[in-house]
Amino acid sequence: CLGDSVSQAFSFETEVIEIGSGNWIVDNLNSALSTWNDKLAEIWTLVSTSPENFKGGGVWSVIVNINDGLKAVGYALLVLFFVMGVVKTMGSFAELKKPEQALKCFVRFVLAQAAVSHGMELMTALFSIAQGMVSSIMSASGLSALTATTLPDEMVNIIEDVGFLESIPLWAVTLLGSLFIWGLSLVMILTVYSRFFKLYIATAVAPIPMASFAGQPSSNIGIAFLKTYAAICMEGCVIVLACVIFSAFATTPPALGDESMAAATIVWNYIGELIFNMLVLVGCIKMSDRLIRELMGLG
């Protein structure tokens with residue numbers, strides 16, 4: 001699997017982060033960056049994982065059972081939407097007796113029934129197409145591994161050279177910066193996990209909106225559902241692109257600035273620019289659903 005090999009390579013790169021340096025300030029920053037890199041590697045693996053293989057496939061089995069159970073409801077709604085559609089679209093019963101009108105209604109009913117019966121296969125096919133796009137983006141990016149975000153040696157030397165009194169403001173700066181990095185890491189990984197939850201929920205209830213295709217007036221419900229599901233599937237493309245762009249940013253770490261400034265100022269400027277870059281990535285991942293809807297016109 002492309003995601004597994006990339007994740008292993010990325011994990012290998014993150015091992016260069018030295019956490020036990022003996023300096024509390026350096027160790028605190030390295031610990032926060034290690035958490036960030038671990039979550040980024042996990043995201044890189046998750047976007048290349050199918051719902052069937054997520055968490056060993058146990059969740060998918062439950063969703064399949066729920067989908068099968070709701071098919072009975074879908075069939076009942078199928079008849080209801082069909083009757084409602086005939087009543088609203090036909091001016092009189094005499095119109096339904098026309099062969100072309102009767103054939104049109106019959107074909108619509110059969111197609112809607114097929115959508116309810118084989119909706120799982122349709123949704124799996126849509127997700128496979130989106131996963132193919134994700135794999136293509138990973139391959140075309142030329143990245144064998146995401147670039148790990150590490151603390152520069154110059155920054156470590158600046159921190160280790162300060163005295164006890166000068167290190168007090170550094171403690172506050174690094175503690176605040178580390179909390180921001182940990183928080184952004186959690187928001188980022190939770191957003192990616194929520195994509196799987198949306199996929200599972202949409203797959204579980206699919207027979208109900210699919211039944212709306214039986215009636216012409218109600219078919220917009222099924223169309224909106226398919227657009228939403230397609231948008232959820234394609235969120236993975238935006239997430240991968242955001243990670244690739246951030247990886248390019250990570251190859252050029254923030255500048256340290258004028259080394260004649262106070263150590264706390266240098267560290268604050270560095271952490272501030274680093275957090276800004278992380279905020280851009282988290283923002284792109286957080287708004288991936290909205291962005292893909294706007295780009296693809298999915299509504």
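A residue counts as buried when its relative accessible area is under 20%, as exposed when that area is over 50%, and as partly exposed in between. The model discussed here is predicted. By the cut-off of under 20%, E235 is buried, because its relative accessible area is 4%.

E235 is also part of a salt bridge: its side chain meets that of K198, at 3.0 Å from N to O. E235 belongs to helix α10 (residues 219-250) and K198 to helix α8 (residues 164-204), so the pair ties together parts that are 37 residues apart in sequence. K198 is partly exposed, with a relative accessible area of 29%.

The structure has two salt bridges. D68 is partly exposed, at 41% relative accessible area, while K71 is buried, at 17%.

The next topic is helix packing. Helix α2 (residues 24-46) packs with helix α7 (residues 153-160) at an angle of about 145°, and their axes are 9 Å apart. On the α2 side the contact is made by I25, V26 and L29, and on the α7 side by V156, I159 and E160. Five of these residues are nonpolar, none is polar and one is charged.

Within α7, the buried residues are M155, V156, I158 and I159. They lie on the same side of α7 because they cover an arc of only 160° around the axis.

Key:
Residues numbered from 1 in each chain as written. Predicted model: local features only at pLDDT ≥ 70, side-chain atom pairs only at ≥ 80, totals over all residues. Heavy atoms only, no water. Axes fitted to C-alpha atoms, helices over the stretch in contact; angles between N-to-C directions. Helix = DSSP H or I, 4+ residues; strand = E, 2+ residues; numbered from the N terminus. Contact = heavy atoms within 4.5 Å. Nonpolar A, V, L, I, M, F, W, Y, C, P; charged D, E, K, R; others polar. Buried < 20%, exposed > 50% of the residue type's maximum accessible area, 1.4 Å probe, protein only. Arc of directions from axis to C-beta. Salt bridge = Lys/Arg side-chain N within 4 Å of Asp/Glu carboxyl O.
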